Amino acid sequence: MAGSPTDEKQVDLNKDEHLFEEEGATHAKEEPMTEEEKQRQMEEWKEELARVEGEITTLRQVLGSKVRYASELKRKMGITPFQELKHDFSEGLKSIQQSETFQKTNESLTNLQAKITGSTVYQKTNEKLHDINDKITHSTAYQKTSSAMKTASEKTNETVRNVASSVSKKIGDIRNSGTFKSMEEKVGGAYANVKAKVTGSKSEDSFESALQKDSEGNSAANGSQPTSLPEEKVPL
C-alpha cells in the first residue's frame with residue numbers, strides 16, 4: 001500500500017535535515033572559503049530555504065484541509081464543540097491525575113497529614129481541646145446559664161399563649177355582652193328597613209331619601225315631630 005503525500009513529504013524533510021547536518025559538518029572540516037564560494041553557497045541556501053518554505057505552506061494547507069474534514073465528520077456524528085471541550089477537559093484532568101508529579105504530590109500530602117495527626121503535639125492538643133470542652137459543659141456557670149435560657153424560653157412561650165388566650169376571651173365576652181348585641185340588633189334592623197324601602201319603592205328615591213324616611217318614621221313612633229327648617233325668603 002502506497003504511503004500518503006504527507007508521509008512522503010515528511011521523509012523528504014528528514015532527508016533534507018540529515019543532508020544539512022552533513023554539509024555543515026563537511027564545511028566545518030574544510031578550509032575557509034573564498035568570497036566567490038561564499039556567494040555561491042549563499043545562493044544555494046536561499047534556493048533551499050525557498051523550497052522548504054514552499055513545503056511548509058503545502059503542509060499547512062493539507063493540515064487545514066484535514067482539520068476541516070475532521071470538523072465535518074464530528075458535525076455529522078453529532079459531536080458539538082461543547083462536548084468536545086468537555087471531553088478534552090476530562091481527558092486533561094485524567095492525564096494530570098495519572099501523571100507521576102500529581103501522584104507524588106498526593107502521596108506527599110497524605111504522608112504529611114498522617115504525620116500531623118499521628119504526632120504527639122497534635123494528640124496532646126486534641127486532648128486539651130476535649131478537656132476544655134468537657135470542663136465548660138460540666139461547669140456550674142454553663143449549667144446555670146443553660147437552665148436560665150431554657151426557663152426564659154418556656155416563660156416567654158407561656159406568656160405568649162396566655163396573652164393570646166386572654167385576647168380571644170375578651171373578644172368573646174364583648175360579642176356576648178348585652179350592649180354589643182343591642183347595638184348589633186339596632187344596626188341590623190336599620191339596615192334591613194332601609195334596604196327594604198330602597199328595593200321596594202317604586203319611586204326614584206335615593207338611598208339617602210330612604211334613610212331620611214326611616215328616621216322620620218322612627219321619630220314619629222317615639223312621639224317627636226320632625227324638625228323643619230325655616231323657609232328662606234328671597235328678596236324680589
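Reader: Among contacts in the protein chain between residues at least 6 apart in sequence, what share joins residues at least 24 apart?
Author: This is a predicted model, in which local features need pLDDT of at least 70, side-chain atom pairs count only at pLDDT 80 or more, and totals for chains, interfaces and linings use all residues. Residues are numbered from 1 along each chain as its sequence is written, and side-chain values use heavy atoms, with hydrogens and water left out. A contact means heavy atoms within 4.5 Å. Of the contacts between residues at least 6 apart, the share that joins residues at least 24 apart is 28%.

Reader: Which element of the protein chain has the highest mean pLDDT?
Author: pLDDT is the predictor's confidence in each residue, from 0 to 100, and the protein chain averages 77, with 67% of the residues at 70 or above. Helix 1 (residues 5-29) has the lowest mean, 56. Where pLDDT is low, the predicted coordinates should not be read in detail. The highest mean, 93, belongs to helix 2 (residues 35-77).

Reader: How many helices and strands does the protein chain have?
Author: Helices (H or I, at least four residues) and strands (E, at least two) are DSSP runs numbered from the N terminus. Along the sequence the pattern reads α-α-α-α-α-α-α-α. The count is 8 helices and 0 strands.

Reader: At what angle do helix 5 and helix 6 pack?
Author: Axes are lines fitted to C-alpha atoms, for helices over the stretch in contact, and angles run from 0 to 180 degrees between N-to-C directions. Helix 5 (residues 120-138) and helix 6 (residues 140-176) have axes 5 Å apart and an angle of about 55°. Under 35 degrees counts as roughly parallel, over 145 as roughly antiparallel, 65 to 115 as roughly perpendicular and the rest as oblique, so helix 5 is oblique to helix 6. The angle is about 55°.

Reader: Which residues of helix 4 make the contact with helix 5?
Author: The axes of helix 4 (residues 100-118) and helix 5 come within 5 Å and cross at roughly 55°, which makes helix 4 oblique to helix 5. On the helix 5 side are Thr 120, Tyr 122 and Gln 123. From helix 4 come Ile 116, Thr 117 and Gly 118.

Reader: Is Pro 81 buried or exposed?
Author: Pro 81 lies in helix 3 (residues 81-98). Buried means under 20% relative accessible area, exposed over 50% and partly exposed in between (1.4 Å probe, protein chains only). With a relative accessible area of 66%, Pro 81 is exposed.
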